[in-house]
Amino acid sequence: MTGKEKNSSIPISSLLKRNEVKVLVVEDDKFLREILGGKLTKEGYTVLEALDGDQGIEKTKSEQPHIILLDLVLPGADGYDVLGRLKQDPEVSKIPVIVLSNLGSREDIDRAIALGAQQFMVKAHHTPQEIIEAVKKILDEHYLQK
Amino acid sequence: MKLKIRHTLFFRFFWTLVLLGVMPMAISAFFLVATYQSRIADKVSSGVADELLRNASIQFFLIFLFVLIIATFSAFIVSRNISRPLRTLTEAARLIGEGNLNIQIKVSRRDEIGNLGSFFNEMAGNLKEVQERQAEISRLKSEFITVAAHQLRTPLSIMKWSHHTILDGDVGKVPIKQRELIEKAEVANESMIRLVHNLLDAARIEEGRFGYKFDSMDVRAFLHELVDEKKIFAENKNTKLELKDSTSGPVEISGDKERLAMAVGNIIDNAVRYTPPNGTVSVSLEYDDAKLRITIHDNGAGIPQKDQEKLFTKFYRAQSTMHVETEGTGLGLFIAKNVVEGHNGSIWFESHEGQGTSFFISLPAKGSLQAAVNKSYDTFVKNI
């Protein structure tokens, strides 16, 4: 039984209380990672961090997070690469991914969505609170309403 | 290329040659008749005289026929020799006018027309070089803007996120004075973010990468939604924003909702920004069979006459608004114009200083939207 299957049978609200909802933040900028990580921790999530694409894939496989916040411009394997590889891997392909980037042209958005991202958010256009709301909403849709 | 026969080179050469051929004949006939009258008429019998005259007229008639045939033939050869290369050059000039500079005219003649052809080739070559250089400069400029804008977005998001983390009280209670300052800083930061966003859009428009996704949409619902959304912004500026809808049901068009919201939204934003407090901005929607028109009217300061023609250019802001406190980026109307034209629509305005401005957006109704014509730029090769 994979971690995802195990988690999906437990209501997300009860998981939240036990600090068991794991959010993986793949972001190379230390400051942005800290702000977002701090906000997520405060909201009761367990935050996992990855500094580049390869680390992101590695942590996804080892930790089985419930949701991934993925930057696109990353050292080494870029976000598209990571997204493509994650969605091809049946072990982790069901984990929802929010792309969080400062790219944001139509081509970028279409490409990320086509690769399987749940949502595309331009960092400069959203406050940390809005990102938390998006995380909540997607977790809800993904794990509760099934 | 249709020309009236009276204006062709052939016609002109033909008449010149006919005149040149017939004139000596006429003179010779005149002298012959004169000589006959004065010297021969009384010396021969009338029978001989008649025969002579008949002979002469038959001769003249044959010469005239011959002249006509020769003139037609020569006019055809000469005019073809001149007009064919001219037609080639005309066609090449037309292509240059349309922007296609891939032109090769093979010059094999050494006369004036040959010279014209050589200079034409040289001109097309130079123009092409200039065009390529400009395209390269424009590409580099857009690339620079794109890179710079992305680089700017990271520190701007750091500032935005920091401001909001502080304002949310995540790092402790914020005294009111400090809160006010951070809120002001965030307003400035937001206007920078908007500028970067618009710069990226403008760069994409110029690079031709500003793609449209056309879908069936109801303009009526779209406009109601957009105006409702903008009402908060207008209220903050103490401006009344109203929607006058003269349609009775859904108005379906084929359009890119997101881009249209940006275009119409930019114009509403401008109208609200440039209208003094307690002013009114009204948006109206009219629709009759073939055309749909959105009008955004304000009773603000108006646009000075001298600023009007530059209004849709990038970074242009009317002189009179320079000292008014506004947070526009100078790119809104440039983007709006491109979006509307991308929908095969048109945008224009009427403005009177001191009375207000009306912007008109006209969009084709569903079905009449035509795909943009792609010009082919094959090389034009011809001999002259």
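## A walk through chains B and A

Start by selecting residues 9-40 and 46-98 of chain B: helix 1 of chain B and helix 2 of chain B make a right-handed crossing (the near helix is turned clockwise from the far one by less than a right angle). Helices here are DSSP runs of H or I with at least four residues, strands are runs of E with at least two, and both are numbered from the N terminus. The model is predicted, so local features need pLDDT of at least 70 and side-chain atom pairs count only at pLDDT 80 or more, while totals for chains, interfaces and linings use all residues. Residues are numbered from 1 along each chain as its sequence is written, and chains are lettered from A and ligands numbered from 1 in the order written.

Stay on that pair. The axes of helix 1 (residues 9-40) and helix 2 (residues 46-98) of chain B come within 7 Å and cross at roughly 155° (axes are lines fitted to C-alpha atoms, for helices over the stretch in contact, with angles from 0 to 180 degrees between N-to-C directions). That makes helix 1 of chain B roughly antiparallel to helix 2 of chain B, a label for angles over 145 degrees. Colour their contact by class and you get 22 nonpolar, five polar and no charged residues (Asp, Glu, Lys and Arg are charged; Ala, Val, Leu, Ile, Met, Phe, Trp, Tyr, Cys and Pro are nonpolar; the others, including Gly, are polar).

Next, show all of chain B as a cartoon, with its eight helices and nine strands. Of its 384 residues, 23% are buried, having 20 or more other C-beta atoms within 10 Å of their own, with C-beta atoms placed from the backbone.

Now pick out the open five-stranded sheet of chain B, in the order 3-5-6-8-7 with mixed pairing (strands pair if DSSP finds at least two bridges between them). At its edges lie strand 3 (240-245) and strand 7 (346-352) of chain B, each pairing on one side only. From one strand to the next, the twist averages 15°. Zoom to strands 7 and 8 (residues 356-364) of chain B: they pair in the antiparallel sense over seven bridges, and B:H352 stands opposite B:G356.

Over to chain A. Its open sheet of five strands runs 2-1-3-4-5, with parallel pairing. Strand 2 (46-50) and strand 5 (119-122) of chain A are the edges. Neighbouring strands are turned by 20° against each other on average, direction ignored. Helix 5 (residues 79-88) of chain A packs on this sheet, with a direction about 175° from that of strand 4 of chain A. Strand 4 (residues 97-101) of chain A runs parallel to strand 5 of chain A, joined by four bridges; A:I98 has A:Q119 as its bridge partner.

Select A:I132, in helix 7 of chain A. It is partly exposed, as 18 other C-beta atoms lie within 10 Å. Beyond its neighbours within four places in sequence, A:I132 is in contact with A:K39, A:L40 and A:E43. The C-alpha of A:L36, 96 residues away along the chain, is 8.7 Å from that of A:I132.

Last stop: the place where the chains meet. Chain A gives 17 residues to the contact and chain B gives 16. On the chain A side, helix 3 (30-42) and helix 7 (128-144) each give two or more residues, and helix 3 of chain A gives the most, with six. That side has six nonpolar, six polar and five charged residues.

How values were computed: Parallel < 35°, antiparallel > 145°, perpendicular 65-115°, else oblique. Contact = placed C-beta atoms within 7 Å. Buried ≥ 20, exposed ≤ 12 C-beta atoms within 10 Å, placed from the backbone.
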